[in-house]
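Please keep the structure open while reading.

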Amino acid sequence: MDRGRVGSSRAMVWLAAGFGAVHAVFSLYWALGGTRLLATVGQWAVRLSEEEPFLAGAGLGFVALVKLGGVAVPVGVEYGRIGWRRMWRALCWIGGVGLIVYGGINIVASGSVLAGLIDVEGGYDSAAMIGHALLWDPLFLLWGCALVAWLALSRDRSAP
């Protein structure tokens with residue numbers, strides 16, 4: 001594989017890691033009791049953190065660890081620091097496509113609600129809808145796109 005393609009694949013894996021790290025850091029921050037931007041996830045998250053702080057912290061801590069794994073594994077695979085390369089790449093394909101689908105669907109859904117194309121009976125949580133349409137779900141989509149781009153660019157090196 002030529003150096004330009006290796007450089008491009010490494011740029012994509014680091015870009016994916018950056019998008020994933022933003023998600024992971026906020027999950028960890030909320031797990032430790034932080035509240036900034038928590039309302040952009042939904043009032044259910046705010047209520048849970050107020051009423052059941054241990055449960056919210058444990059759940060968000062677990063989510064943060066999963067996201068950090070989703071950040072670290074592709075970087076480790078790219079640099080040859082993790083064994084079972086083919087298995088991890090297959091899981092990264094599933095995760096990348098899943099992030100694209102999840103982020104894309106939620107951007108369209110929340111954007112449609114905000115644009116008035118979908119009428120929500122009883123109203124909706126404005127802060128959460130804006131957070132999902134403009135912040136969290138675009139980050140999921142970008143994370144997935146960068147992950148899939150890395151996988152495609154590094155395909156030649158995926159053989160054992």
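## Helix packing

An angle over 145 degrees between two axes counts as roughly antiparallel, and an angle under 35 degrees as roughly parallel. In this predicted model, helices α1 and α3 pack at an angle of about 170 degrees. The two helices are therefore roughly antiparallel to each other. The contact of α1 with α3 is made up of 16 nonpolar, six polar and three charged residues. The axes of α1 and α3 lie 8 Å apart.

Ala 72 has its place in helix α3.

## Overall fold

How many helices and strands does the protein chain have? There are five helices and zero strands, and the pattern read along the sequence is α-α-α-α-α. The C-alpha trace spans about 55 × 40 × 20 Å along its principal axes.

The protein chain has 160 residues, and buried residues make up 36% of them.

## The salt bridge

The structure holds one salt bridge. Its partners are Glu 78 and Arg 10, with the closest N and O atoms 3.1 Å apart. Glu 78 belongs to helix α3 (residues 53-78) and Arg 10 to helix α1 (residues 3-31), so the pair ties together parts that are 68 residues apart in sequence.

Are the two partners buried or exposed? Glu 78 counts as buried, because its relative accessibility is 3% and the cut-off for buried is under 20%. Arg 10, at 28% relative accessibility, counts as partly exposed.

## A nonpolar surface patch

Which residues make the nonpolar surface patch? Trp 84, Met 87, Leu 91 and Ile 94 do, and the patch has an area of about 490 Å². Met 87 is placed in helix α4 (residues 85-114), while Trp 84 lies in the loop between α3 and α4.

Trp 84 is exposed, with a relative accessible area of 68%. Met 87 is partly exposed, because its relative accessibility is 39% and the exposed class begins over 50%.

Most residues other than glycine have a negative phi. Trp 84, besides being part of the patch, has a phi near 55 degrees, a positive value in a residue other than glycine.

Leu 37 also has a positive phi, near 70 degrees, and is likewise a residue other than glycine. The loop that holds Leu 37 runs between α1 and α2 (43-51). Leu 37 is partly exposed, with a relative accessible area of 36%.

Gly 103 is found in helix α4. What is the burial state of Gly 103? Its relative accessibility is 0%, so Gly 103 counts as buried. Gly 103 and Ser 27 are 76 residues apart along the chain, and their C-alpha atoms are separated by 17 Å.

Leu 15 lies in helix α1. At 38% relative accessibility, Leu 15 counts as partly exposed. From Leu 15 to Ala 109 the distance is 26 Å, C-alpha to C-alpha, and the two residues are 94 residues apart in sequence.

## Points to recall

Helix α1 contains Arg 10 and Leu 15, and helix α3 contains Glu 78 and Ala 72. The salt bridge between Glu 78 and Arg 10 therefore links the two helices that pack roughly antiparallel to each other. Helix α4 holds Gly 103, which is buried at 0% relative accessibility, and Met 87, which is partly exposed at 39%.

Definitions and conventions:
Residues are numbered from 1 along each chain as its sequence is written. This is a predicted model: local features need pLDDT of at least 70, side-chain atom pairs count only at pLDDT 80 or more; totals for chains, interfaces and linings use all residues. Side-chain values use heavy atoms; hydrogens and water are left out. Patches are made of residues with over 30% relative accessible area and no salt bridge: like charges are joined within 9 Å, nonpolar side chains (Val, Leu, Ile, Met, Phe, Trp, Tyr) within 5 Å. Accessible areas come from the Shrake-Rupley method with a 1.4 Å probe; for residues, only the protein chains shown count as cover. A salt bridge is a side-chain nitrogen of Lys or Arg within 4 Å of a carboxyl oxygen of Asp or Glu. Helices (H or I, at least four residues) and strands (E, at least two) are DSSP runs, numbered from the N terminus. Buried means under 20% relative accessible area, exposed over 50%, partly exposed in between (1.4 Å probe, protein chains only). Axes are lines fitted to C-alpha atoms, for helices over the stretch in contact, and angles run from 0 to 180 degrees between N-to-C directions. Angles under 35 degrees count as roughly parallel, over 145 as roughly antiparallel, 65 to 115 as roughly perpendicular and the rest as oblique. Ala, Val, Leu, Ile, Met, Phe, Trp, Tyr, Cys and Pro count as nonpolar, Asp, Glu, Lys and Arg as charged, and the others, Gly among them, as polar.
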